[in-house]
Amino acid sequence: MNSFDINRVRNDFPILAREVYGNPLVYLDNGATTQKPQSVIDAIIHYYSEINSNVHRGVHHLSQVSTDAMEAARESVRQFINAKHVHEVIFVKGTTEGINLVAQCFGKLKIKKDDEVIISAMEHHSNIVPWQMHCEQVGAKLRVIPMDERGVLDMDAYKNMLNEKTKIVAITYVSNALGTINPVEEIIAAAHQLDVPVLLDAAQAIQHISVDVQALNVDFLVFSGHKMYGPTGIGILYGKESLLNEMPPYQGGGEMIKEVTFEKTTYNDLPFKFEAGTPHIEGIIVLKAAIDYLTEIGLDNIKKYEDDLLDYGTGLLSAVNGLKIIGTAPEKSSVLSFIVDGVHPYDIGVLLDRMGIAVRTGHHCAEPIMNQFEIPGTVRASLALYNNKEDLDKLIAGLDRALGMLR
Ligand code: PLP
């Protein structure tokens, strides 16, 4: 698609035609999960009606077809993030599993007593708890880059924190609760000066920003299929070959072995060393359909469109009496988080829902952020490529009605 045609895009998503409580659906909870285009839905049906079979283990036709389709999907992910090698693409359940895998396997290899792991003040719980668990086990220290009241990381504090004890830096590319786009190039370059690898949590970046792992020179990158218009239960861990080769396997079982005896097991090569058991074959194959969809529209077109929408929404919300936007970093993506004086976010969310407007309320799995702002949570409208100005006009009208009832 050369230019972004919002009407065509909206028509690709059948769920947008449904009503909720008698009102047309306004879906603004895309940070939690995105809706699926018809091509993705069709790919699920095609998989189960035409090729369902286990992979890498059958001599029969269908097994070969599903294995080929799965490996074609791996190649499609490789191209999408521009990884050097296809075996650097590991299929996992999602961002959460990807981070847990690195925390456990890289952790076992490199993070020992008194070592340090750096994360930031704006991490999702899934990029806090796995590191905390490993640090507690071995007696390592978790260090947290502070952020200011706009939701911008203190880069001087970060650079001062890096030292010879730092074993990994694990940072979100885009904050799910604030929308901040972090200066990941600068974060990676500073860590690499001390040979410290960097993991980027791209759960909220991959669907909005074109990501090139080689240009970034990032060591690990994780993201989830369901947040990029694909299925749930499938995600990607990208890791540099040298690091993945060094790391011990994550889980034991079928697929991840070369030879097994009761005395000793030898492990399979990448990527299979990290893919024990029957994978989410359908999810993997259908993820390719989601990538094809995004690629056809073009991430640059998507970003430009969503940036305009974010500006429009920011303008509308800023004019609401008593409303404060939480997350005002100059570099932001697709998230409008806010609170309103004297009104609990949950009450706003419930009333908006009755009008067919889906937003998320609460701490968005980022409790430390809420603690820093001393609030119980926010209302979050998170945008996707199929949202339009009318959705945001409806949000404002709905908010106006809700606040009229609550105040
Ligand atoms: N990291 C960020 C920034 C997220 O927004 C999310 C989900 O909202 C996750 C990690 C976890 O993703 P998943 O639940 O798909 O594993």
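Which side chain meets Arg78 in a salt bridge? Glu75 does, at 2.9 Å from N to O. The model is predicted.

**Helix 3**

Arg78 and Glu75 both sit in helix 3, three residues apart, about one turn of the helix. Arg78 is buried because its relative accessible area, 18%, falls under the 20% cut-off. Glu75 has 26%, so this residue counts as partly exposed.

Helix 3 covers residues 61–81. At 1.5 Å a residue, its 21 residues should span 30 Å. The end C-alpha atoms are 31 Å apart, which agrees. Buried residues of helix 3 include Ser63, Met70, Arg74, Val77, Phe80 and Ile81. Just after the helix, Asn82 takes a positive phi of about 55°. Arg74 also belongs to a network of salt bridges with Glu71 and Glu275.

**Salt bridges**

The count comes to 18 salt bridges. Side chains of opposite charge can pair when their charged atoms come close. Three pairs are listed here.

| Pair | N to O distance |
|---|---|
| Arg78 and Glu75 | 2.9 Å |
| Glu246 and Lys110 | 3.3 Å |
| Lys303 and Asp307 | 2.7 Å |

Glu246 lies in helix 9 (residues 241–246) and Lys110 in helix 4, so this pair ties together parts that are 136 residues apart in sequence. Glu246 is partly exposed at 43% relative accessibility. Lys110 is partly exposed too, with a relative accessible area of 30%.

Lys303 and Asp307 are four residues apart in helix 11 (residues 299–318), about one helical turn. Lys303 has a relative accessible area of 26% and is partly exposed. Asp307 is partly exposed at 25%.

The largest pocket holds about 320 Å³ of space. Its lining has 23 residues, and the closest to its centre are Thr95, Thr96, His124, Ser126 and Lys227. Helix 4 (residues 95–110) gives the most to this lining, with four residues. By class, the lining has four nonpolar, 13 polar and six charged residues.

The second largest pocket has a volume of about 230 Å³. It is lined by 17 residues, with Phe91, Val92, Glu97, Ala276 and Pro279 closest to its centre. Strand 4 (89–92) and helix 4 are the elements that give two or more residues to this lining. Here the classes are nine nonpolar, five polar and three charged.

**Domain record**

An unreviewed UniProt entry places the feature "domain: Aminotransferase class V" at residues 26–395. Over residues 26–395 the chain is 40% helix and 17% strand. The end C-alpha atoms of this stretch are 8 Å apart.

Definitions and conventions
Residues are numbered from 1 along each chain as its sequence is written. This is a predicted model: local features need pLDDT of at least 70, side-chain atom pairs count only at pLDDT 80 or more; totals for chains, interfaces and linings use all residues. Side-chain values use heavy atoms; hydrogens and water are left out. On a 1 Å grid over the protein atoms alone, a cavity is a set of points where a 1.4 Å probe fits but cannot get out, and a pocket is an open set with protein on both sides within 12 Å along at least five of seven lines; lining residues have an atom within 4 Å of a point. Grid points are joined across faces, edges and corners, and a volume is the space filled by probe spheres set on the points. Ala, Val, Leu, Ile, Met, Phe, Trp, Tyr, Cys and Pro count as nonpolar, Asp, Glu, Lys and Arg as charged, and the others, Gly among them, as polar. The expected span of a helix is 1.5 Å times one less than its number of residues. Buried means under 20% relative accessible area, exposed over 50%, partly exposed in between (1.4 Å probe, protein chains only). UniProt positions are given in the numbering used here, feature names are shortened, and annotations may be inferred rather than shown by experiment. A salt bridge is a side-chain nitrogen of Lys or Arg within 4 Å of a carboxyl oxygen of Asp or Glu.
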